[in-house]
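I opened my notebook to look up a charged side chain and some sulfur links. Come and read along with me.

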Amino acid sequence: MFVFLAACLMLLAACDAPTRGFGGAEVSRHTVDGSSFTIHHDGGMAQAVRTNRQLLRIGTLAGRAAIAMQQASGCRVRDLAGDAAVLIARLDCGEAVAPACEVDAILKGRRGMQIPVVRRCG
């Protein structure tokens with residue numbers, strides 16, 4: 001019984017663990033419009049792991065995840081890929097970084113699908 005309980009606790013602790021390539025990255029937690037994320041960022045890449053349950057379209061979640069990644073990194077999200085649970089983004093950390101609440105990125109999907117992800121402050 002103790003082994004089963006310990007295994008369950010380890011699984012729960014790993015729910016927002018980073019995927020490959022983000023093991024030593026900086027970690028922070030952010031909530032945007034009711035969506036909670038653990039953000040892992042390192043250099044020009046960031047990963048958002050959604051930590052709450054929601055039934056939202058991927059475009060809505062991608063916009064919220066992009067804002068959380070921008071808040072965590074201080075860089076602009078250029079493009080994203082992934083699913084409703086984990087999104088990975090390429091960052092632009094150049095001089096002209098817009099406010100974290102503004103997003104103008106592309107969500108890249110399978111078979112060349114591209115969805116604009118645009119959000120404005122306010």
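My entries on an arginine and on the disulfides follow.

**Ground rules.** I am working with a predicted model, where local features need pLDDT of at least 70, side-chain atom pairs count only at pLDDT 80 or more, and totals for chains, interfaces and linings use all residues. Residues are numbered from 1 along each chain as its sequence is written, and side-chain values use heavy atoms, with hydrogens and water left out.

**Entry 1: Arg50.** I found Arg50 in strand E3, residues 45–50 (strands are DSSP runs of at least two residues, helices of at least four, numbered from the N terminus). Which side chain of opposite charge is nearest to Arg50? Asp83 is, 7.0 Å away, and buried Arg50 has no salt bridge (a side-chain nitrogen of Lys or Arg within 4 Å of a carboxyl oxygen of Asp or Glu; buried means under 20% relative accessible area, exposed over 50%, partly exposed in between, with a 1.4 Å probe and protein chains only). I did find backbone oxygens beside polar atoms of the Arg50 side chain: that of Asn52 at 2.4 Å and that of Ala84 at 2.7 Å.

**Entry 2: disulfides.** I searched the whole structure and found two disulfides (pairs of cysteine sulfur atoms within 2.5 Å). Cys75 and Cys93 have their sulfur atoms 1.9 Å apart. Cys75 lies in the loop between H2 and E4 and Cys93 in the loop between E5 and E6, so the pair ties together parts 18 residues apart in sequence. Cys75 is buried at 9%, while Cys93 is partly exposed at 43%.

**Entry 3: the other pair.** Cys101 and Cys121 have sulfur atoms 1.7 Å apart. Their S-S torsion is about 85°, so this disulfide is right-handed.

Note on methods:
Lys and Arg count as positive and Asp and Glu as negative; His and the chain ends are not counted. A polar contact is a pair of N or O atoms within 3.5 Å; within protein, one must be able to donate a hydrogen and the other to accept it, and residues adjacent in sequence count only if both atoms are side-chain atoms.
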